[in-house]
Amino acid sequence: MFQTFIRSADIIKLDKKSARQQQRDVNLPWRKANPRMACQSVAAIMDEQALLGLNPNADARYRQRAMAYFEQLKESQDAWEVCAEALAKGIYNDDHVKFFCFQVLEHQIKFRHAGLSAVQQQLIRETLMKWLQCQLMNNQPEKPFIRNKAAQVFALTFIMEYLTLWPKFFFDILSLVGLNPHGIDIYLRTLMAIDGEVVDRDILHSPEETRRNTLIKDGMREQCIPHLVESWFQILQTYQQSHPELTCQCLEVVGSYVSWIDLNLIANDRFVNLLLSQLSVEELREEACDCLLEIVNKGMDPVDKTKLVESLCQVLQSAGFFNVEQEEDVDFLAKFSRLVNGMGQSLVLSWTKLAKTGNVKEAADTLQAVEAKVPLLLQLLVHEDDDISANIVGFCYEYLHVLKQVNHPALSPQAIMLAVMKKLTYDDEYNFENEGEDEAMFVEYRKQLKMLLDRLAQVSPELLLEAVRRVFTNTMQNWQTAPFMEVEVAIRLLYMLGEALPASHGAHFSGDTAKTSALQDMMRTLVSCSVSSYQHSSVSLEFFETVVRYEKFFLVEPHHIPNVLMAFLDQRGLRHNSPKVRSRVAYLFSRFLMLVSHVIVCLNVNDLCNMMSSARNRITLFKQSPNFILRR
């Protein structure tokens, strides 16, 4: 089918002909008589002195002249045509001059197209196609920035002329480039540039532009999309071995366009099997994953979506891709995790729609499909690479939402709970004293895990409370010999319970007996087991953060206040050897005093003052009011 809109087998083999033979044989539909173009000569060259200013190393005088020349060419009625001639005839070899010429042409198309004469508009079309024809004959492709700019100019011309002057835009390009790799590269870049101008939802458009873009998409669906899809298939099939970079470009194009074209053109055995085969090709597998994800994310009927996802999963599983522990390529696994996340979220969305509309059987089948993905979800969630784990959090969060609604005794969140607790743990490489980009990414990842913990609390608060209590108690019993990351995460889990199990005005120690008893036991252990002496900054900070979060514990057991104040004031807190700890503790100490001051004044003030004096710190407490005043 791809060959039906290529003019002849000779054109497919353009790269095998001599340049002179190609110029003589090609008779393209865009080539028409143009007296203006014919009468122009190579003698109409550009301002060479001004062009010197395009070099990045040129001095200020030449750069200013180049800018002035650029403005002159942009605003002139026909002076820009010299740039068109330079591109069409390949007069200049300098990359900066070529880019400059495309910029001038881009300005005319973008801002002055309506004011151009029919002859000038034809000149632009001829210029672009002659430049493209030259690319087929070149041994080496242009620099990427030249190709990208050319693609932008092609795309702008398409937007301005497709509906009126150039409806055969794609047919003309495909007829010219055939399967020439240099031409295919420009074709694919142009498609991506068109997507950016017409489809990309992140770009704001005026109402008029939105209407125009809708008409363009409707026209493409009706006239050329099936042919474009066929060209993509031919490219993917032809170049997956010899030109993997072109194949990756094509996969990106498919992923971009699938959201608004007929899915049946892509989601068929021939196309999907080709995509799946490329998951086994090292250079292609990541882009193939992204492409499959875009197919999965395509909006469609929930029953059809479930069938699509299930058929895809069956093929992936039979091909061994679900055996995550055997895959060593973490970059691919990160992409694969995103794909599984997309499939899982799509199934949950389908189940939600089916459940709302009362389709009991279809909803039950979809719920079963969701549950079948949980073992794979857990493998990815607990993976040692945090990027792989983070990419599956969305599906995990939605799955917990399902558990909250169905209340199915066979579906337990316990495995997810244990996985989250494990992944909250710091690794040995975390730099606490000089946190960089990797550390910032882990902090963000921890925030995602906290969201899962909060959702777990909504599904089964009793189960979460008991799990945290078990981990906390076991760790505090052996904190002296436990690694710092285990001690820190045990205290961190206790801290997180304060938000996961919310209480009115922080009243965690009144009301529900089971909850208050568990929290009170854990706080009592925290402040009395001497874990505040652990020699690691992360443990020290987590201790003080937790003490301040649960300040109402000291209303229930105020006799622990002296020991906590000592921890604040000695080498564990304000005299810690880490400036980061000292700074944070200073703030937490002021908050702690404000929160428990009304309890402190009920204690033996003389004993408190003697105790603080013995700490030999630089803080002075004044008993001038019920609230103590801090001075450095």
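**Exercise 1. List the residues through which α7 and α9 meet in this predicted model, and work out how the two helices are arranged.**

Solution. Begin with the residues themselves: on the α7 side they are D95, K98, F99, F102, Q103, L105, E106, I109 and K110, and these meet F145, I146, K149, A150, Q152, V153, L156, T157 and M160 in α9. Sorted by class, the residues of this contact divide into 10 nonpolar, three polar and five charged.

Next, turn to the geometry, for which two packed helices are described by the angle between their axes and the distance between the axes. The axes of α7, which covers residues 95-112, and α9 come within 10 Å and cross at roughly 15°. Since angles under 35 degrees count as roughly parallel, α7 is therefore roughly parallel to α9. As for the hand, α7 passes α9 in a left-handed crossing.

**Exercise 2. Determine how α9 is oriented towards α11, and describe the contact of these two helices.**

Solution. Take the axes first: those of α9 (residues 144-161) and α11 (residues 181-198) come within 8 Å, and the crossing angle is roughly 55°. The crossing in which α9 passes α11 is right-handed.

The residues come next: α9 contributes P144, R147, N148, A151, Q152, F154, A155, L156, F158 and I159, while α11 contributes D185, I186, R189, T190, A193, I194, E197 and V198. By class, this contact of α9 with α11 holds 11 nonpolar, three polar and four charged residues.

**Exercise 3. Describe the span of α24, then state which of its residues are buried and what covers them.**

Solution. Helix α24 runs over residues 437-459, which is 23 residues, and from its first C-alpha to its last it reaches 34 Å, close to the 33 Å expected at 1.5 Å a residue. Its buried residues are E439, F442, Y445, R446, L449, L452, L453, D454, R455, L456 and A457. The cover over these buried residues includes α20 (374-381), α21 (386-390), α22 (393-406), α23 (414-423), α25 (461-477) and α26 (484-500).

Technical notes: Residues are numbered from 1 along each chain as its sequence is written. This is a predicted model: local features need pLDDT of at least 70, side-chain atom pairs count only at pLDDT 80 or more; totals for chains, interfaces and linings use all residues. Side-chain values use heavy atoms; hydrogens and water are left out. Helices (H or I, at least four residues) and strands (E, at least two) are DSSP runs, numbered from the N terminus. The expected span of a helix is 1.5 Å times one less than its number of residues. Buried means under 20% relative accessible area, exposed over 50%, partly exposed in between (1.4 Å probe, protein chains only). Contact means heavy atoms within 4.5 Å. Axes are lines fitted to C-alpha atoms, for helices over the stretch in contact, and angles run from 0 to 180 degrees between N-to-C directions. Angles under 35 degrees count as roughly parallel, over 145 as roughly antiparallel, 65 to 115 as roughly perpendicular and the rest as oblique. A crossing is left-handed if the near helix is turned anticlockwise from the far one by less than a right angle, and right-handed if clockwise. Ala, Val, Leu, Ile, Met, Phe, Trp, Tyr, Cys and Pro count as nonpolar, Asp, Glu, Lys and Arg as charged, and the others, Gly among them, as polar.
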